[in-house]
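The exercises below are meant for a reader who is meeting this structure for the first time.

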Amino acid sequence: MARQLIARGQVNIQILNDAYTINQSVSSYVFAAASNGTVLNAVTVTSAIKVMKGDTDFTAFTIGSISKPAGFSAVTVNNTDKTITYTVAANTANLPDNGIITIPLTIAGVTYSLSFAWSKAKAGAAGKDGADANLLDWVADWNTNKTVIGTNSVITPKLFAGVKNADGTLTGTAIGRFPLSVKNSSGSIATETIDGIYGFRAGVKTFAIDNTGSVQLGNGNQVTRYNAATGKIEFGSEVSLNWTSAIATAKTEAVNAAATDAATKVNVIRIGTRNYIKNSAFAISSLSGVIVTDGVAAVLDTATKYQGYNTIKITQTTVTGSNANTGRAYFNAIRQCNPASFCMYVKASEETVLRIRTGGTEAADFPIGTSWQLVKLENKIPTSVVALFGATTAGVTYNMALPMLVEGTKAADWSPAPEDTDGRITDARAVADAITAKANNEGWATKLTYIGSTGIFTGTLSAGTIEAITINALQITAGTIDTARLNVDALKASLITAANIDALTLNVTKGKIGGWSIDADSIFRGTKNNTSGAYTGASGAITIGSNGVRGFKWRLESTGAGALAGGNIAWDASGNVTDLYLNRLPKDEYVPFWDFDAPNIPNEPRDASAAAIVASELLELSQLEDNPQKAKEYKTAAISMLIELSSDKYQSRDCKPSFLLHSVGHWPNKSEMDASINYADYYYIEALIRYKKMKQGLRVTDNF
């Protein structure tokens, strides 16, 4: 404030001139935009500039020339009305996501600067429409949210995977107890109450595991049944056990058994994810021809393993070059991939940075620590067949395992190169050929017979050949074989062996029933996943195992915990849903990390937007909860979240045109990482308003 001399004499008298106050009616604006950033509708924003000198309007000022940023169709200054008009045309695609326009203002010969800030609010990308077709009546009922939800549990009494046929019958698998329309042996439709796990095809029952423990495979007279009440195997009248063509059968079984290991390894080589690094499992005695070193030392480490696989230990004697051109090791791939994606598992003796590139240039840096982690370099266009890497810390050591180079834009799960398994397939064929030769030399074909549903036939055997055999008369229901000529023990020992008819014991720990597979701990359809806390990998895949029942984006754990909609709805073993979130918060803190299971907690970013959303909803939940103690806990937690969000740690104050700092939008896509997000401010303000209503004795959904 300037001083003005009024009089001078024995005493100097001065007064203070009033200061200028500058205001603008609109200092910021948020443009609505599509998910790709395009402003779909034309927008015109007018901001009025007002200057006060003390308490008096002051108009003797000038708005200077303003540069028009990209995306604005016009920025117009009106010094008569003292206004500035900002215009963005419809379907503008080049407007930046945010920015600031500087406004020069001249008052009494002095130029001041104002600013106009803008940003975009982008619409979310539209998801695919869902489709419900041919739903069973009880599935449709469940789909309308009528499933019983108790205070501590979620009850799902019926499960079905499949389709409903036009005649009202089913094709698929049903689990539970309820009546169904099925086709009987005559082809007529009847009502049958199932109680267990049942499979159907076009309405015909193909398998059943009922609640008594009995198991049935097949339908009508073509059926094999285990009777849990008697502990015996039963066969339908049309079932036959055939041992003809024994040599061919023995060869097929021998090939399958001997080549199991080789077949398993070949099958995991997925289409589109072929590994172009040979001997990547490091099941070798020497590193010669496997890895090349340049300024580093490499040894095969059979003591430090990753998931049972050998590793290679690298000692970084000197710091790797800026493009991993010195102080590095590298693999020579089987051929050059275009595009190429490379990944491997690594851990170091201390925290460092691993620099990786695939041929040519474009090296990328990856922070690594003392625990195993997967590093990926994806979608590169190499100029050679090498995959190079080196650490940026001299003296550090690091181990690597299971390197994988694929031709594609994304890295893939590890699998061996096909060249690593060819030898084992050759070995399996040699075993099969040896068994075939032994069968021919020993004349197996003359020692086998045929047993059908109508009797026992000698085939190539003569009566003289089997005259010493005796069969108990109680075991023959028809036929003319003299029981005195059959020896049951000899017949069992020579023909009914585990090698020939293993399934008769019904110790079923592997195999298939309809479309379901059985192994030692699970019955599953599609790709198995019996891991606690996990889901199956694809729609339609179901696993019933020792750790619970799980499908695509839903799971029921053996502990009683579970989740729906990919974890958007989850509960713990006690049935608590909301408490699961509160119990996983950091101790004595109320703003969560961006992911409860983020790998580097506590050195992970926080997510203020999550805390703001939960705080707002907990205030509403506290007024809906019937349990007074729970209601108090929810209200207390919400207030604690608001207190923490209102602290200097999370308030932007004057540094940004927003309320909250430190939110995370989409960390895996590197989008809105540790940033201010508009919906975080929205729910923060909503929570504060709700808390104010509660303080006034109102419900949070009431109007003031």
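Predicted model: local features only at pLDDT ≥ 70, side-chain atom pairs only at ≥ 80, totals over all residues.

**Exercise 1. A strand and its partners**

Now look for another partner of β9. Strand β5, made of residues 43–53, pairs with β9 in the antiparallel sense over 6 bridges, and here S47 is the residue that stands opposite I84.

**Exercise 2. Salt bridges and their surroundings**

Find out in which strands R177 and D195 lie, and how far apart in sequence are the parts that this pair ties together.

Solution. As background, side chains of opposite charge can pair when their charged atoms come close. R177 and D195 form a salt bridge in which the closest N and O atoms are 3.1 Å apart. Since R177 lies in strand β13 (residues 170–183) and D195 in strand β14 (residues 189–201), the pair ties together parts that are 18 residues apart in sequence. The next step is to check the exposure of each residue: R177 counts as exposed because its relative accessibility is 58%, whereas D195, at 17%, counts as buried because the cut-off for that class is under 20%.

K50 forms a salt bridge with D57, with 3.9 Å between the closest N and O atoms, and K50 counts as partly exposed at 44% relative accessibility. In the salt bridge of E557 with R550 the closest N and O atoms are 2.9 Å apart, and both of these residues are buried. Finally, D97, K120 and K122 are linked in a network of salt bridges, while the structure as a whole holds 22 salt bridges.

**Exercise 3. A patch on the surface**

Which residues form a nonpolar patch on the surface together with Y679?

Solution. The patch consists of I613, Y679 and Y682, which together have about 280 Å² of accessible area. To place Y679, go to helix α10, which covers residues 678–695. Y679 counts as partly exposed because its relative accessibility is 32%.

**Exercise 4. The whole protein and its confidence**

Describe the overall make-up of the protein, and state which share of its residues scores a pLDDT of at least 70.

Solution. Start with the elements, which are 10 helices and 39 strands. Of the 704 residues, 35% count as buried, and the protein exposes about 39400 Å², of which carbon and sulfur atoms supply 51%. Among contacts between residues at least 6 apart in sequence, 50% join residues at least 24 apart.

Confidence comes next: the pLDDT averages 81, and 76% of the residues score at least 70. Over residues 457–471, however, the pLDDT is below 50, and this stretch has 35 contacts in the model beyond near neighbours in sequence. Residues 149–155 also stay under 50, and for them the model has 8 contacts beyond four places in sequence.

Technical notes. Residues numbered from 1 in each chain as written. Heavy atoms only, no water. Pairing = 2+ DSSP bridges. Helix = DSSP H or I, 4+ residues; strand = E, 2+ residues; numbered from the N terminus. Patch = residues over 30% accessible without salt bridge, like charges linked within 9 Å, V, L, I, M, F, W, Y side chains within 5 Å. Areas by Shrake-Rupley, 256 points an atom, 1.4 Å probe, with all protein chains shown as cover. Salt bridge = Lys/Arg side-chain N within 4 Å of Asp/Glu carboxyl O. Buried < 20%, exposed > 50% of the residue type's maximum accessible area, 1.4 Å probe, protein only. pLDDT = per-residue confidence, 0-100. Contact = heavy atoms within 4.5 Å.
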